[in-house]
Amino acid sequence: MNQKHSGDIAVITGAASGIGYSVAHHFATRGARVIGVDLSDRVVELMPALPGDSHLGIARDLTDPDAAAEIISQTVGSVGTPTILVNSAGVALLDSAIDVPPNRWRTTIDVNLSATFYMAQAAGRAMLAARYGRIINLASQAAVIGLDQHAAYAASKAAIIGLTRVLSKEWAPSGVTVNAVSPTVVETPLGKAAWAGEKGERAKAEIPVGRFAQPEEIASLIGYLASEDAAMITGTNVLVDGGRTSV
Ligand SMILES: NC(=O)c1ccc[n+]([C@@H]2O[C@H](COP(=O)([O-])OP(=O)(O)OC[C@H]3O[C@@H](n4cnc5c(N)ncnc54)[C@H](O)[C@@H]3O)[C@@H](O)[C@H]2O)c1
């Protein structure tokens, strides 16, 4: 086992699926202890089955404003102060702007933006006290280019970039870095549902590299941003988009 993250305690949201699961696997195989959180009960069995020991799965709805503080308190009590937080829980509810119903707008903002803030705030309190931490928030290419049917999603993800900048500025003096990662379409359940069929083929043709991303490619960047080596990288939004947003 590569021990690059040995000694790290990594809290990962959305850990039952897609990018979150891939990130959990990445850290587990490199020696970190993983606390995976997800709305889906599957996380409770998936996390202990990761390589290595003492991983924990917590099933919670992160839109509950009390959830974050309870998860961090449980982490500190059972494993120790988290050194890494990855906010990957998210939804993609796509509608033409003219048709977005209030409940789908609210769910998108609650899950993608508010839950990310609650988790960053709760983990940030523990990390600031320890004077070390790495926080990585999943944004999206949809935060930086206009995509049809992405009004709610784009608003939630662009806000993540603004939030990331503010947290990075306030927390950098205490050794806590905060960055955003913005993938193009990633082949996960969320990505495949949003970009199926002909629409997906057209989207792929607009990516200079000529394909969608794999979850492991996002996890590997997050692994670097979460390492001690990345101490000088904070407040940034790193695009993993095969060139999509530069054309
Ligand atoms: N897949 C893509 O194409 C893509 C592209 C850019 C950004 N992203 C972002 O990456 C992140 C991960 O996406 P993914 O493709 O792995 O999606 P996914 O659907 O595979 O996984 C998301 C996970 O979040 C969990 N979740 C949803 N609501 C929750 C809640 N209220 N509380 C706790 N957990 C909740 C789901 O149960 C699921 O396990 C998301 O923030 C997404 O917006 C994805």
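Modeller: Let us begin with a definition: axes are lines fitted to C-alpha atoms, for helices over the stretch in contact, and angles run from 0 to 180 degrees between N-to-C directions. Please bear in mind that this is a predicted model. On that basis, the axes of α1 and α8 cross at roughly 55° and come within 8 Å.

Biologist: Why is α1 called oblique to α8?

Modeller: Angles under 35 degrees count as roughly parallel, over 145 as roughly antiparallel, 65 to 115 as roughly perpendicular and the rest as oblique. The crossing angle is roughly 55°. Therefore α1 is oblique to α8. The crossing itself is right-handed.

Biologist: What makes the contact between α1 and α8?

Modeller: Residues count as in contact if their C-beta atoms, placed from the backbone, lie within 7 Å. On the α1 side, G18, I19, S22, V23, H26 and F27 take part, and they meet P215, E216, I218, A219, S220, I222 and G223 of α8. Sorted by class, this contact has seven nonpolar, five polar and one charged residues.

Biologist: Which residues of α3 and α4 meet?

Modeller: A68, A69, I72 and V76 of α3 meet Y118, M119, Q121, A122, A123 and A126 of α4. The contact divides into nine nonpolar residues, one polar and no charged. The two axes come within 8 Å and cross at roughly 35°, in a right-handed crossing.

Biologist: How do you know that β3 and β7 are edge strands?

Modeller: The sheet is open, with seven strands in the order β3-β2-β1-β4-β5-β6-β7 and parallel pairing. Strands β3 (56-59) and β7 (237-240) each pair on one side only. The twist averages 15° from one strand to the next.

Biologist: How do you know that β1 and β2 pair?

Modeller: Two strands pair if there are at least two bridges between them. Five bridges join β1 (residues 9-13) to β2 (residues 33-38), and the two run parallel. Within this pairing, I9 stands opposite R33 in β2.

Biologist: Which helices pack on the sheet, and which strands do they touch?

Modeller: Helix α5 (residues 151-171) touches β5, β6 and β7, and its direction makes about 160° with that of β6. Helix α8 (residues 215-225) touches β4, β5, β6 and β7, and its direction makes about 165° with that of β6. Angles over 145 degrees count as roughly antiparallel, so that term applies in both cases.

Biologist: Finally, which residues come nearest to the ligand?

Modeller: Of the 29 residues around the ligand, G14, G18, G90, L190 and G191 come nearest. Elements that give two or more residues to this shell are α1 (18-29), α4 (102-130) and α6 (189-194). The shell divides into 14 nonpolar, 13 polar and two charged residues.

Notes: Residues are numbered from 1 along each chain as its sequence is written. This is a predicted model: local features need pLDDT of at least 70, side-chain atom pairs count only at pLDDT 80 or more; totals for chains, interfaces and linings use all residues. A residue is near a molecule or strand if its C-beta atom, placed from the backbone, lies within 6 Å of it. Helices (H or I, at least four residues) and strands (E, at least two) are DSSP runs, numbered from the N terminus. Ala, Val, Leu, Ile, Met, Phe, Trp, Tyr, Cys and Pro count as nonpolar, Asp, Glu, Lys and Arg as charged, and the others, Gly among them, as polar. Two residues are in contact if their C-beta atoms, placed from the backbone, lie within 7 Å. A crossing is left-handed if the near helix is turned anticlockwise from the far one by less than a right angle, and right-handed if clockwise.
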